[in-house]
Amino acid sequence: MSPEEFNQLSVPEAKKRLAHCVALESWIEALVAARPFASLESLLQTGDRLARGWDGLALDKALSAHPRIGEKARGDDKEASLSRNEQGSVQQADSELKQALRSGNATYEQRFGRVFLIRAKGRSGEEMLAELHRRLGNDPQSEQREALDQLREITLLRLRDTFQ
Ligand code: 2AL
């Protein structure tokens with residue numbers, strides 16, 4: 001789809017086309033309401049600006065759509081297949097790395113009360129494990145900020161891919 005096509009869609013249809021980017025109805029609605037877009041760059045910029053307004057509540061809501069790192073997303077919907085693709089590098093990982101991720105995920109969830117979120121695309125399993133260990137040292141406030149940044153990166157990558 002091109003930005004021009006996106007501009008022309010009905011509101012419900014335009015919302016449907018963005019549904020896989022993030023499980024946050026308010027972000028999708030605001031981006032659809034901000035049409036028309038003169039270019040892909042301005043669309044992405046608006047998506048990014050709107051995502052910078054997310055808070056902890058938004059993070060908890062959006063996490064429902066992100067399986068743990070190392071846990072294969074089930075289902076045949078678009079989000080599950082995007083997630084499998086993003087996490088491709090860990091799906092090939094050896095069992096030692098997978099076990100280390102499982103145990104790190106459990107420690108993280110105990111410490112912060114939510115699933116560890118990281119932009120997986122472009123990162124190896126080892127890199128994600130190192131990030132997981134580093135972020136376990138964060139205080140809750142800095143960690144929430146990092147997780148929100150990662151959610152924004154994942155969403156913007158998915159948004160960009162929607163328009164190619
Ligand atoms: C994910 C996911 O499914 N895709 C991605 O980039 N990160 N999950 C996660 N827990 O970080």
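This is a predicted model: local features need pLDDT of at least 70, side-chain atom pairs count only at pLDDT 80 or more; totals for chains, interfaces and linings use all residues.

Colleague: Okay. Which residues in the largest nonpolar core touch the most other members?

Modeller: Phe 6, Leu 18, Trp 27, Trp 54 and Leu 159. That core has 28 residues. At least two residues each come from helix H2 (11-18), helix H3 (25-33), helix H4 (40-51), helix H5 (56-63) and helix H10 (140-162).

Colleague: Which helix gives the largest share of this core?

Modeller: H10, with six residues.

Colleague: What about Leu 59, buried or exposed?

Modeller: Leu 59 sits in helix H5. Its relative accessibility is 1%, so Leu 59 counts as buried, the cut-off being under 20%.

Colleague: Switching to charges. How many salt bridges does the structure hold?

Modeller: There are 16. One of them pairs Arg 68 with Glu 109, at 2.6 Å from N to O. This pair links distant parts of the chain, 41 residues apart: Arg 68 is in the loop between H5 and helix H6 (78-86), and Glu 109 is in helix H8.

Colleague: How accessible are Arg 68 and Glu 109?

Modeller: Both are partly exposed: Arg 68 has a relative accessible area of 29%, Glu 109 has 23%.

Colleague: And which residue does Arg 158 form a salt bridge with?

Modeller: Glu 86, with the closest N and O atoms 2.8 Å apart. Here too distant parts of the chain are linked: Arg 158 is in helix H10 and Glu 86 in helix H6, 72 residues apart. Both Arg 158 and Glu 86 are buried.

Colleague: Where do Asp 149 and Arg 152 lie?

Modeller: Both are in helix H10, three residues apart, about one turn of the helix. Asp 149 is partly exposed at 36%, while Arg 152 counts as buried at 12%. Elsewhere, salt bridges that share partners join Glu 131, Arg 134, Arg 135, Glu 143 and Glu 146 into one network.

Colleague: Last topic, the surface. Which residues form the negative patch?

Modeller: Asp 94, Glu 96, Glu 126 and Glu 127. Asp 94 is in the loop between helix H7 (88-91) and helix H8 (95-112). Asp 94 is partly exposed, at 48% relative accessible area.

Technical notes. Residues are numbered from 1 along each chain as its sequence is written. Side-chain values use heavy atoms; hydrogens and water are left out. Patches are made of residues with over 30% relative accessible area and no salt bridge: like charges are joined within 9 Å, nonpolar side chains (Val, Leu, Ile, Met, Phe, Trp, Tyr) within 5 Å. Accessible areas come from the Shrake-Rupley method with a 1.4 Å probe; for residues, only the protein chains shown count as cover. A salt bridge is a side-chain nitrogen of Lys or Arg within 4 Å of a carboxyl oxygen of Asp or Glu. Lys and Arg count as positive and Asp and Glu as negative; His and the chain ends are not counted. The place of a charge is taken as NZ of Lys, CZ of Arg, CG of Asp or CD of Glu. Helices (H or I, at least four residues) and strands (E, at least two) are DSSP runs, numbered from the N terminus. Buried means under 20% relative accessible area, exposed over 50%, partly exposed in between (1.4 Å probe, protein chains only). A nonpolar core is a set of buried Ala, Val, Leu, Ile, Met, Phe, Trp, Tyr and Cys residues joined through side-chain atoms within 4.5 Å.
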